[in-house]
Amino acid sequence: MTGDSTKKIFNKGIWEDNPIVRQIIGICSALAVTNLMLNSLIMGLALTFVTAFSELTVSLIRKYIPKHIRMMVQVLIISVYVIIVDLFLKGYYPEMSRALGPYVGLIITNCIIMGRCEGYAQNNPPFNSFLDGIASGIGYTIILLAISFVRELLGFGTIFGFQVLSDWWTNWTIMVMPPSAFFILGVIVWWARSRYEKEERERRKATS
Amino acid sequence: MIELNPFIIFIAAIFTNNMIFSYFLGMCSFISVSNEIPTSLGLGQAVTFVLTFTTMLNYIIYHNILVPLNLEYLRFIVFIVSIAAFVQLVEMIIERYFSNLYYTLGIFLPLITVNCAILGVSLFMVIRNYTFLQSVGYAVGSGLGWTLAIVAMAGAKQRIKNNKLPKGLEGPGITLIITGLMALAFVGFSGIVQIQ
């Protein structure tokens, strides 16, 4: 089998090419669910599932799709998996389904999936594409969890619904409101980009 | 559910329930295209236009075809296909008659298909059981609210273009921080009207 090694794919998806902090895509639906960690986790899992299986499917049939309609085909493939996720959540976790509201459906328009299908699955074997989907999904989930960790801890004093900070803690209302998500993501992007910058400099020093 | 006047929904969609500042929808193009005011304005108009007509189209399809046939769960596919088809149509029209606009917006038009705001409005319309007029008010308001946000962002970005920033904060980082500040300002509107 040709293609990238598993380790390389995971390193790329989670850190080097992290969809959110590196490429700034897919944050449309990312921020809205970050007020609680549980929502973020479910959203992350749903996205990982959809990305992995869409990439697998696109990769399997990539040689049979005419070039000019491939976008349409990809969107349809993604929608099918999103419908599966939506029905699954409705059937087994109706409360979660209500909490996520329209954001489950919005996974379809999440640029990460289209981007990975177009940029990776289109030219790579199925197994690698599947792994790539999982890796990108994990990269996405980690960022979501990081944001929601701060928001839930400071906004409600809980982690995954368990009380962590007791009565002396005054909840920060701003953490429950949307603006905080922008600030926290901005700071995360700042931190990550500084790290990239540093790694880049070290690499250049090593080669010269 | 209380019957809301479409005009109230329209105002709420611009200020208190702004697509970007309270629902985080349409962020991808918001961050990457908001460098110049004219371009942002063009994209904003395109989004408002597409948003209004696809929402009407989706309302008609959903209530006249999907509901009678008990096929509500197919709405994701149907909505995205009708949006994609409509964007394709608009692209052809713009290319034919407004070639100037086409050169500035050409590459972004396909992006509109995957602009979360457009699908988002259609899905909100279904979840909140809006009537036709309410949906139209909501769609136009959301589009204008989105335009307002992206134009304001482009203006702010032009102001800080020549300022020195920490290396890692350049580009998306500062954009997110500014968005946060704007969102904070928009929270101030929340007393006017509130829709859920």
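B:A117 lies in helix α8 of chain B; helices (H or I, at least four residues) and strands (E, at least two) are DSSP runs, numbered from the N terminus. The model is predicted, so local features need pLDDT of at least 70 and side-chain atom pairs count only at pLDDT 80 or more, while totals for chains, interfaces and linings use all residues. Residues are numbered from 1 along each chain as its sequence is written, and chains are lettered from A and ligands numbered from 1 in the order in which they are written.

**Surroundings of B:A117**

- B:A117 counts as buried because it has 30 C-beta neighbours inside 10 Å; a residue is buried if 20 or more other C-beta atoms lie within 10 Å of its own, exposed if 12 or fewer, and partly exposed in between, with C-beta atoms placed from the backbone.
- Leaving out residues up to four places away in sequence, B:A117 touches B:M19, B:L25, B:G26, B:V47, B:L51, B:S142 and B:W146; two residues are in contact if their C-beta atoms, placed from the backbone, lie within 7 Å.
- B:M27 is 90 residues from B:A117 in sequence, yet their C-alpha atoms are 8.4 Å apart in space.

**Packing of α4(B) and α8(B)**

- Helix α4 (residues 37-66) and helix α8 (residues 116-127) of chain B pack at an angle of about 35 degrees, with their axes 9 Å apart; axes are lines fitted to C-alpha atoms, for helices over the stretch in contact, and angles run from 0 to 180 degrees between N-to-C directions.
- α4(B) and α8(B) make a right-handed crossing, meaning that the near helix is turned clockwise from the far one by less than a right angle.
- From α4(B), B:V47, B:V50, B:L51, B:T54, B:T55, B:N58, B:Y59 and B:Y62 take part, and they meet B:A117, B:I118, B:V121, B:S122, B:M125 and B:V126 of α8(B).
- This contact of α4(B) with α8(B) has 10 nonpolar, four polar and no charged residues; Ala, Val, Leu, Ile, Met, Phe, Trp, Tyr, Cys and Pro count as nonpolar, Asp, Glu, Lys and Arg as charged, and the others, Gly among them, as polar.

**Chain B as a whole**

- Chain B has 10 helices and zero strands.
- Of its 196 residues, 45% are buried.
- Among contacts in chain B between residues at least 6 apart in sequence, 83% join residues at least 24 apart.
- The C-alpha atoms of chain B fill a box of roughly 60 × 45 × 25 Å along the principal axes.

- Contacts between the chains involve 34 residues of chain A and 34 residues of chain B.
- On the chain A side, α3 (70-92), α5 (111-119) and α8 (179-207) each supply at least two residues, and the largest share, 10 residues, comes from α8(A).
- That side of chain A has 25 nonpolar, seven polar and two charged residues.
- The buried residues of α5(A) include A:C111, A:I112 and A:R116.
- Those buried residues of α5(A) pack against α2 (37-60), α3 and α6 (126-156) of chain A together with α3 (27-33) of chain B.

**Confidence**

- Chain A averages a pLDDT of 85, with 98% of the residues scoring at least 70; pLDDT is the predictor's confidence in each residue, from 0 to 100.
- Chain B averages a pLDDT of 84, with 92% of the residues at 70 or above.
- Among the elements of chain B, helix α7 (residues 109-113) has the lowest mean pLDDT (69) and helix α9 (residues 132-159) the highest (92).
- The predictor gives the complex an ipTM of 0.83 and a pTM of 0.85.
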